[in-house]
Every structure is written in structure tokens, then in C-alpha cells.
Amino acid sequence: MAGYIALVHKDAGTSYGVSFPEVPGCVSAGDTFEEAVCNAAEALTGHLALMRADGDEIPAPRSFDELRRDREFAHDAADAPAPTLDSMEQRVKPCTSCHGNEGRATREGYFPRIAGKPPGYLFNQLVNFRDGRRHFPMMTYIAQFQTDDYLREIAAYFGAQHVPYPAPEHTYAMSEDELELFSARRVEQRQGDG
Ligand code: HEC
């Protein structure tokens, strides 16, 4: 299964709108391209869950080539701007909205950390998303039109980010009394065992 293709629309003076040609009725928006794409991922997941709950038939995602042959899609896509991301900073901006600053991930744990992982590993993952061997709609969307060279550069960028891991949220420090009690119990247990 490939991911669903999203169309990002923008008219002068409006926010970004996202629609899914194969999932009519599922639309989303955002003030920036990244925000629109992130919101769209959530909207799509929610929409498909509702359809499933209602017992509706879930449309099969089509590849970009299949879609391109569809007249209606060609018409809808005519006004979708191709994101112009040329500097590395612009290219990785959408990534950090999910993967955290420099790809270091967030505490929520849902979006995997990509900072400092081997560039070859990262590159392979991006190619797998692009070529339909690994599935996550927004990652497929992001990688789908990119060349190997482009993805290799992005992989190298994140591979080179050696940034600290977020500190654990709850650290628990034992007081001296607690520590003593704890060790005393362990001694008791051990004696009990023997
Ligand atoms: C809408 C949120 C979102 C955006 C934007 C996004 N990603 Fe992801 N990415 C994810 C999620 C979620 C996964 C895990 C998917 C899965 O379950 O396989 C992932 C997985 C990955 C992986 C595989 C990580 C691993 O450890 O296996 C790489 C590499 C990656 N993303 C790179 C990028 C890059 C580079 C960009 C920007 C060009 C980007 N992502 C943008 C959500 C996002």
C-alpha cells in the first residue's frame, strides 16, 4: 500500500489548504506549508478512522502516476504550488515540525529521532518511504518527488546533527533515609532467601 497523495493549495492572501483527491471530504489547512502538512496528517488519520467506524469503504490509495492519468486530478492539481525549498534550512523546516529541532525528537515519542543516526540508514528510510516499502502517508508525501541526490543530502544533514537527547521528564532522587530503608530491605530479603 502506498500513502494517499495530498494536494497543497495556496491562493494569494490565504492560508495553505490541503485536500486528498482520493479521500473527498477530508481537508485541512494551516498558516504555513509545514503546519498545513502536519494538520493534514492528523485530519487524514481521523477521517479514515471515522470512515472505518461508519463501515464506509476505504478508498485504495493510487500512485502518483495513476493519479496523473485522472483528468479530475490534473484539474485540481493545476493550482497546487510545488514547494520551492532550495536552501538546506528551508528544506528541513517541514521535517523539524514533526521530528523536533534538528531532528532531535520530542518527549512525546511518536516522531522518531533522526538527528545523528547514520546517514546511510536515514537515506534508506527516505528511499523506502518514497518507493512504497515503508509506509507513513506524510513521509511518503514528503519524499515522493525527490531524487536520490536530494534525499542523500537531507540524510547527511540530519546524520551530522549531534545534539543532546532530551532529559527524562521525571527523575526521582531518593532521600538518604529512603536509600537506607531501601538497602535495609534488600538485605532482609537476601537473608530471607538464604
Ligand atoms: C507530518 C509529520 C512528519 C514530517 C513533516 C516529517 N516526518 Fe519523517 N517521520 C514521521 C513519522 C511519524 C515517522 C515514523 C513513521 C513510521 O511509523 O514508519 C517518520 C520517519 C522518518 C524517518 C525514519 C526514521 C527512523 O528512525 O527509522 C526518517 C529518516 C524521516 N522521517 C525523515 C524526515 C525528513 C528528512 C523530513 C523532512 C524532509 C521528515 N521526516 C518530515 C513524521 C514526519
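This is a predicted model: local features need pLDDT of at least 70, side-chain atom pairs count only at pLDDT 80 or more; totals for chains, interfaces and linings use all residues.
**Entry: overall layout**

I started with the secondary structure and counted eight helices and three strands. Going along the sequence, I wrote down β-β-β-α-α-α-α-α-α-α-α. Next I looked up burial: of the 194 residues in the protein, 21% are buried. I also checked contacts between residues at least 6 apart in sequence, and 51% of those join residues at least 24 apart.

**Entry: the strands**

I went through the strands in order. β1 covers residues 7-9 and β2 covers residues 16-19; the two run antiparallel and are joined by three bridges. Looking across this pair, I found Val8 opposite Val18 of β2. The β1-β2 hairpin has six residues between its strands, and there I noted Gly13 with a positive phi near 80 degrees.

Then I moved on to β3, residues 27-30, which runs antiparallel to β2 and is joined to it by four bridges. Here the facing residues I jotted down are Ser19 and, in β3, Val27. A reminder for when I look at side chains: in a regular strand they alternate between the two faces of the sheet.

**Entry: around the ligand**

Which residues are the closest to the ligand? I get Cys95, Cys98, Gln125, Phe136 and Met138, out of 21 residues that surround the ligand. Sorting the shell by element, I find that α1 (33-53), α4 (88-99), α5 (119-130) and α6 (137-143) each give two or more residues. The largest share is from α4, with five residues.

Where does the ligand lie relative to the domains? Domain 1 spans 1-83 and domain 2 spans 84-194, and both give residues to the shell, so the ligand lies between them.

Last stop was Glu102. Its phi is positive, about 55 degrees, although this residue is not a glycine. I placed Glu102 in the loop between α4 and α5.

Definitions and conventions. Residues are numbered from 1 along each chain as its sequence is written. A residue is buried if 20 or more other C-beta atoms lie within 10 Å of its own, exposed if 12 or fewer, and partly exposed in between; C-beta atoms are placed from the backbone. Two residues are in contact if their C-beta atoms, placed from the backbone, lie within 7 Å. A residue is near a molecule or strand if its C-beta atom, placed from the backbone, lies within 6 Å of it. Domain bounds come from an automatic or database domain assignment. Two strands pair if DSSP finds at least two bridges between them.
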